[in-house]
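Keep the structure open beside you as you read.

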Amino acid sequence: MKDFSDRLLVAVEKAGVKRHGAGMWLASFTHVTVKAANKWLNGESVPRREKVESIASHTGVRAEWLLFGNGQMTNTYNSASSVSEASPLALEKLITKATPRTQIELEKIAEAAADGRLTEDDIKLLKAIADRLAKKD
């Protein structure tokens with residue numbers, strides 16, 4: 001892939017959207033005009049980071065790959081196989097034991113994760129926090 005528009009076309013096709021109509025599809029959730037979305041597809045411009053994050057979320061690719069071509073196109077892990085069956089129960093237990101202030105923040109994180117809005121940077125930050133807290137045990 002030589003540039004953003006090539007990667008964008010691959011991501012759009014991965015999402016099951018044909019090239020014809022891709023601009024309208026992108027515009028529908030990025031809240032830009034079809035003309036602006038078509039400029040992305042034609043290599044005339046590149047969207048801002050928050051638009052790239054939204055596109056990545058809707059197409060199932062990593063934002064860093066989409067924007068820069070860095071790393072793998074998708075996450076290498078399979079969420080269904082990497083999380084144990086007890087995890088939802090463990091998370092619920094964690095939230096109920098937390099302080100009200102912490103509950104609010106944990107619920108925001110859980111909602112973002114469920115919506116697929118966590119970026120690679122978010123995951124790295126969560127891992128750093130979890131590693132730091134694990135050392136205190």
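Q: How do you know which part of the chain has the lowest confidence?
A: Compare the mean pLDDT values: helix 6 (residues 79-82) is lowest at 44, while helix 3 is highest at 96. Over residues 78-86 the pLDDT is below 50, and beyond near neighbours in sequence this stretch has 1 contact in the model. Where pLDDT is low, the predicted coordinates should not be read in detail. For the chain, the mean is 83, and 84% of residues reach 70 or more.

Q: What makes Arg49 and Glu64 a salt bridge?
A: The rule asks for a side-chain nitrogen of Lys or Arg within 4 Å of a carboxyl oxygen of Asp or Glu. In this pair the closest N and O atoms are 3.0 Å apart, so the pair meets the rule. Arg49, Glu53, Arg62 and Glu64 are linked in a network of salt bridges.

Q: How do you know that Glu105 and Lys108 form a salt bridge?
A: Their closest N and O atoms are 3.5 Å apart, and the limit is 4 Å, so the pair counts. The two residues are 3 apart in helix 8 (residues 100-114), which means that about one helical turn separates them. Glu105, at 39% relative accessibility, counts as partly exposed, and Lys108, at 49%, does too.

Q: What makes up the nonpolar surface patch?
A: Ile109, Leu125, Leu126, Ile129 and Leu133 make this patch of about 390 Å². Helix 9 (residues 120-135) gives the most, with 4 residues.

Q: Which residues have the most contacts inside the largest nonpolar core?
A: They are Phe4, Leu8, Val12, Leu26, Trp40, Ile55 and Leu66, in a core of 20 residues. Helix 1, helix 2, helix 3, helix 4 and helix 5 each supply at least two residues of this core.

Note on methods
Residues numbered from 1 in each chain as written. Predicted model: local features only at pLDDT ≥ 70, side-chain atom pairs only at ≥ 80, totals over all residues. Heavy atoms only, no water. Patch = residues over 30% accessible without salt bridge, like charges linked within 9 Å, V, L, I, M, F, W, Y side chains within 5 Å. Areas by Shrake-Rupley, 256 points an atom, 1.4 Å probe, with all protein chains shown as cover. Core = buried A, V, L, I, M, F, W, Y, C linked by side-chain atoms within 4.5 Å. Buried < 20%, exposed > 50% of the residue type's maximum accessible area, 1.4 Å probe, protein only. pLDDT = per-residue confidence, 0-100. Contact = heavy atoms within 4.5 Å.
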